[in-house]
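Colleague: I'd like to learn how to read the features of a model like this one. Could you walk me through them?

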Amino acid sequence: MSTGFYWDERCFWHAGGNYALTLPLGGLVQPLAAGGLPENPETKRRLKNLMEATGLVKDLSVRGAEPATRQVLERVHPASYLDAFKEMSDAGGGELGLRTPFAKGGYEIACLSAGLAVQAVADVMAGEVQNAYALSRPPGHHCLPDWPNGFCLMANIAIAIEAAKAKGLGRVAVIDWDVHHGNGTEHIFYERDDVLTISLHQEHNYPLDSGDVGDTGRSAGEGFNMNIPLPPGTGHESYVEAMARIVLPALDRFQPDLIIVACGFDAGIYDPIAQMLCTVETFGEMTRQVMGAADRLCDGRVVMVHEGGYSEVYVPFCGHRVIQELSGSDCDAPDPMAPTVKARQPNARAIAFTSGLIEEMAAGFGL
Ligand code: ZN
């Protein structure tokens with residue numbers, strides 16, 4: 001069976017405000033020549049273009065989606081939030097919450113971004129495709145039901161889960177390897193035992209005050225939220241180790257019916273707003289790890305939904321490798337920086353240090 005690839009040109013037209021990295025312009029902050037937030041279309045567009053250039057796109061089932069409906073959105077977001085967002089969007093755009101600017105029509109594009117995730121999950125659950133990648137934009141994993149933040153305007157993955165659950169989907173595991181804490185997804189499912197949320201992230205990058213290892217869920221959800229905060233400079237070997245030592249055993253324990261990956265590439269070594277050292281190989285290996293678990297546990301059902309990742313040059317190669325692994329295609333886009341990124345990995349002592357942290361966390365999770 002094939003790999004579904006879900007995208008829409010209009011998702012590239014979501015326009016953020018005038019910033020330099022995450023700094024508003026003014027004072028001593030000069031506007032960038034290219035302009036805008038790091039969350040701009042280029043990383044996503046260049047990934048799609050690279051897939052065209054190598055021919056990978058021909059090995060996929062390329063699909064679009066309808067915008068998520070109001071009924072589907074309201075399973076996660078209150079009507080008051082959706083109304084306020086739509087009203088500001090119709091009036092010319094603006095900013096809601098923290099660092100989530102959008103232009104006129106941003107509401108409709110966010111509905112479309114969520115719709116891509118909804119359709120990807122629906123098609124995998126219907127057996128129309130084996131697995132899927134949704135190139136959603138704007139991203140979603142920071143968004144709370146009534147408070148958007150961190151470039152995220154709607155909780156794409158949570159919306160897709162709730163839409164599928166309304167049609168009978170059982171247990172879902174969400175693995176968030178975006179470098180930032182998946183605070184929105186955590187919040188939405190914090191008291192639930194039917195959705196396991198796991199976030200690997202750079203400790204206290206964004207948000208500054210969430211993502212602690214001790215935040216494990218509440219009431220019925222106790223034990224069903226797992227944070228794996230990693231120190232700046234964590235590289236390939238330790239990411240793969242954290243997956244093998246914590247994430248995969250947690251999946252085996254939980255027995256999901258579907259695995260969703262919040263697939264950010266900002267743990268990549270060239271990311272401008274994070275300080276991890278992951279490479280194309282890291283994302284390829286983590287994809288193989290997830291697919292292996294999915295084969296064991298849920299007939300290979302994996303949906304990846306695009307989140308962050310801000311190196312315009314490097315994200316496309318990381319994304320290409322992930323989608324290549326999902327599809328088993330032999331259209332390759334070798335990492336042009338392979339020798340450099342290999343040489344820049346942490347040394348053995350640093351790896352041993354992080355390994356100790358991973359062991360401690362695994363023990364804390366009873367794994
Ligand atoms: Zn991120």
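Modeller: Helices (H or I, at least four residues) and strands (E, at least two) are themselves DSSP runs, numbered from the N terminus. Here, strand S11 (residues 258-263) pairs with S12 in the parallel sense, over five bridges. Keep in mind that this is a predicted model: local features need pLDDT of at least 70, side-chain atom pairs count only at pLDDT 80 or more, and totals for chains, interfaces and linings use all residues. Residues are numbered from 1 along each chain as its sequence is written, and side-chain values use heavy atoms, with hydrogens and water left out.

Colleague: Which residue in S12 is the bridge partner of Cys 263?

Modeller: Cys 263 has His 306 as its bridge partner in S12.

Colleague: Is strand S12 enclosed or open?

Modeller: Buried means under 20% relative accessible area, exposed over 50%, and partly exposed in between (1.4 Å probe, protein chains only). Five of the five residues of S12 (residues 302-306) are buried, so this strand is largely enclosed by the rest of the structure.

Colleague: And how do I read its two faces?

Modeller: In a regular strand the side chains alternate between the two faces of the sheet. For S12, Val 302, Met 304 and His 306 are buried on one side, and Val 303 and Val 305 are buried on the other.

Colleague: What about aromatic pairs?

Modeller: A pair of aromatic rings is described by the distance of the centres and the angle of the planes. Rings of Phe, Tyr and Trp (its six-membered ring) pair if their centres lie within 6.5 Å; planes under 30 degrees apart count as stacked, over 60 as edge-to-face and the rest as tilted. The structure holds 10 such pairs. Take Phe 5 and Tyr 133: their centres are 6.4 Å apart and their planes at 20 degrees, so the pair is stacked. It links distant parts of the chain, with Phe 5 in strand S1 (residues 3-6) and Tyr 133 in strand S7 (residues 131-134), 128 residues apart. Both Phe 5 and Tyr 133 are buried.

Colleague: Which residues do ring pairs link into a cluster?

Modeller: Tyr 81, Phe 85, Phe 102 and Tyr 107.

Conventions: Two strands pair if DSSP finds at least two bridges between them.
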